[in-house]
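Good morning, and thank you for making time on the agenda. I would like to take you through the structure on the screen, one region at a time.

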Amino acid sequence: MSNQKYASKIQRFKEVILTTLLADIPTIAFGTKFRNWLYRSIFAQLDNSVYIQNGVEFLGTNCIAIGKKVHIFKGVRIDAQGHSNNKIYLGHGVAIERNVDIGCLDNTSIYIDEETFIGPHVCIAGPGDITIGKNCMIAAHSGIYANNHNFTNPLELIKDQGITRKGIVIEDDCWLGHGVTILDGVTIGQGSVIGAGAVVTKDIPPFSVAVGVPAKVVKNRMNQQLSETGVSC
């Protein structure tokens, strides 16, 4: 067995032992501080003042980096397993509400920047890279899926035809309403609002309001602001 494989097995053993023993310690009675103290030995980064509630599942912790003052609540699952180049990063002040599922596959980066809020029951899934900017709000039951199944050959099982992976970018200060779905290859521009239930299949320009299935831009926030202040646009 190579040294790299041996080190990987040791890391995984430590991760299983620590997360199994510590995940369900109640948050009261210093549960959070105790978890953080021991988790630092298995995470790529675990900064100060992180709040991890009991009942959170982590996999591939050596590929997970967590910034200061991050809040992660019950039922969250964060999975970075699958490839040594995987990386999940939660920036300073990120809040992950209950029952969120964040997962990589092979050679995937998922980057959630500072002060972004992820609502309950959201799914964020690779294997395409996903970047979510600063100060975003992702409402409950939304899905961000950076992959797509090939299905061109009707004589072959869809599951055997492989996938595409273009990646997704959500720029700073975006708000995704309840139940929004973002599909692979999409960039949502800074300051945009996506209405509840929308399915975004194409790029959304900055400061747009988009609604519907598929999502279409119905308003530009910047032009509206200029119009309301009496400035010609």
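D79 belongs to strand β6, which covers residues 77–79. Please keep in mind that we are looking at a predicted model. Is D79 buried or exposed? With a relative accessibility of 11%, D79 is classed as buried, because the limit for that class is under 20%. Setting aside residues up to four places away in sequence, D79 touches L59, I88, I102, G103 and C104. Strands β3 and β6 pair in the parallel sense, and three bridges connect them.

Seven strands form an open sheet with parallel pairing, in the order β3-β6-β9-β12-β15-β20-β23. Its edge strands are β3, residues 57–59, and β23, residues 199–200, each of which pairs on one side only.

There is also a sheet of nine strands. This one is open as well, and its order is β2-β5-β8-β11-β14-β19-β22-β24-β25, with mixed pairing. At its edges are β2 (51–52) and β25 (216–220), and each of them pairs on one side only. Within this sheet, which strand does β14 meet in the parallel sense over two bridges? The partner is β19, residues 175–176, while β14 itself spans residues 137–138. In this pairing M137 stands opposite W175.

I turn now to strand β10, residues 109–112. Its covered face carries I110 and I112, and its uncovered face carries S109 and Y111. Strand β7, residues 87–90, pairs with β10 in the parallel sense over four bridges, and Y89 stands opposite Y111 there. Strand β10 is also joined to β13, residues 130–132, by three bridges, and these two strands run parallel. Here I112 stands opposite I132.

As for L90, its contacts beyond four places in sequence are A65, I66, G67, V70, I72, I78, I96 and I112. I112, which L90 touches, lies on the covered face of β10.

Two further positions deserve a remark. Y39 lies in helix α2, residues 31–39. Its relative accessibility is 0%, so Y39 counts as buried. Y39 and T61 are 22 residues apart along the chain, and their C-alpha atoms are separated by 8.8 Å.

The other position is Q190, found in the loop between β21 (187–188) and β22 (193–194). Why is Q190 described as partly exposed? Its relative accessibility is 36%, and the partly exposed class lies between under 20% for buried and over 50% for exposed, so Q190 falls there. Leaving aside neighbours within four places in sequence, Q190 is in contact with E171, D172, C174, P206 and F207. Q190 and C136 are 54 residues apart in sequence, and from C-alpha to C-alpha they are 9.4 Å apart in space.

I would be glad to take your questions.

Note on methods
Residues are numbered from 1 along each chain as its sequence is written. This is a predicted model: local features need pLDDT of at least 70, side-chain atom pairs count only at pLDDT 80 or more; totals for chains, interfaces and linings use all residues. Side-chain values use heavy atoms; hydrogens and water are left out. Buried means under 20% relative accessible area, exposed over 50%, partly exposed in between (1.4 Å probe, protein chains only). Two strands pair if DSSP finds at least two bridges between them. Contact means heavy atoms within 4.5 Å.
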